[in-house]
Amino acid sequence: MTTTLSRRLAGGDTTAMADIYRRFTPELLRYAARFVDPALAEDAVHDALAGTQAALEGRGRHVELRPWLYRCVRNACLSELARAGRCAGELPGDLAAGDGHDVPEAAARREQLRQALSSLERLPPRQREALRLRALAGAEYDELAERFGLNENATVQLVHRARRNLCAAMAA
């Protein structure tokens with residue numbers, strides 16, 4: 001069923017998104033509520049579904065819809081938390097702290113995540129956006145090429161430079 005919905009959306013079927021909203025919104029809201037308060041969860045799910053529609057509708061690109069939606073909601077929750085002013089070390093649940101059984105290990109992961117997010121923000125805007133879209137939103141290189149007005153090879157190089165610069169910033 002999700003394959004059919006994904007294909008319908010990719011094919012430009014204008015009713016596919018309504019079916020996706022109806023089918024997935026309740027479970028995505030429950031998932032988002034694990035990370036953010038209910039008001040922010042609604043915003044995160046709406047943003048994720050709107051982003052899915054913009055990324056896939058009529059583009060002929062088929063994705064595994066359920067994992068795509070969950071990844072988009074997770075990323076939207078991170079964005080909502082950032083807009084709400086929470087720092088990475090305060091991310092709830094499995095977004096940052098792991099299972100909570102090993103406190104020193106969880107603290108080290110939080111510090112590493114905080115450092116990575118800080119380093120990410122210091123990247124040039126184009127590199128930062130390319131890396132976010134590729135690594136967090138799962139965008140394909142052809143999508144990035146279209147977005148940035150580059151050929152696919154130049155897009156691969158852009159993402160590679162972003163990763164290399166992020167690693168260098170984190171090591172410094």
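Which residues does Ile20 touch, not counting residues up to four places away in sequence? Ile20 touches Leu5, Leu9, Thr25, Leu49, Leu65 and Leu69. The model is predicted, and the chain has 172 residues. Its secondary structure consists of eight helices and zero strands.

**Confidence**
- The mean pLDDT of the chain is 77, with 84% of residues at 70 or more.
- Among the helices, α2 (residues 16-33) has a mean of 89, where confidence is highest, and α5 (residues 103-121) has a mean of 73, where confidence is lowest.
- Over residues 86-100, pLDDT stays under 50, and the model has 31 contacts beyond four places in sequence for this stretch.
- Where pLDDT is low, the predicted coordinates should not be read in detail.

**Nonpolar cores**
- The largest nonpolar core has 27 residues, and those with the most contacts inside it are Ile20, Leu69 and Val73.
- Helices α1 (2-10), α2, α3 (38-56) and α4 (65-83) each give two or more residues to this core.
- Helix α4 provides the largest share of the core, eight residues.
- A second, separate core has 13 residues, including Ala130, Tyr141, Val159 and Ala162.
- In soluble globular proteins, nonpolar side chains tend to be buried together.

**Whole chain**
- Buried residues account for 38% of the chain.
- The accessible surface is about 9,400 Å², and carbon and sulfur atoms make up 53% of that surface.
- Of the contacts with a separation of 6 or more, 58% are between residues 24 or more positions apart.

Terms used
Residues are numbered from 1 along each chain as its sequence is written. This is a predicted model: local features need pLDDT of at least 70, side-chain atom pairs count only at pLDDT 80 or more; totals for chains, interfaces and linings use all residues. Side-chain values use heavy atoms; hydrogens and water are left out. pLDDT is the predictor's confidence in each residue, from 0 to 100. Helices (H or I, at least four residues) and strands (E, at least two) are DSSP runs, numbered from the N terminus. Contact means heavy atoms within 4.5 Å. Buried means under 20% relative accessible area, exposed over 50%, partly exposed in between (1.4 Å probe, protein chains only). Accessible areas come from the Shrake-Rupley method with a 1.4 Å probe; for residues, only the protein chains shown count as cover. A nonpolar core is a set of buried Ala, Val, Leu, Ile, Met, Phe, Trp, Tyr and Cys residues joined through side-chain atoms within 4.5 Å.
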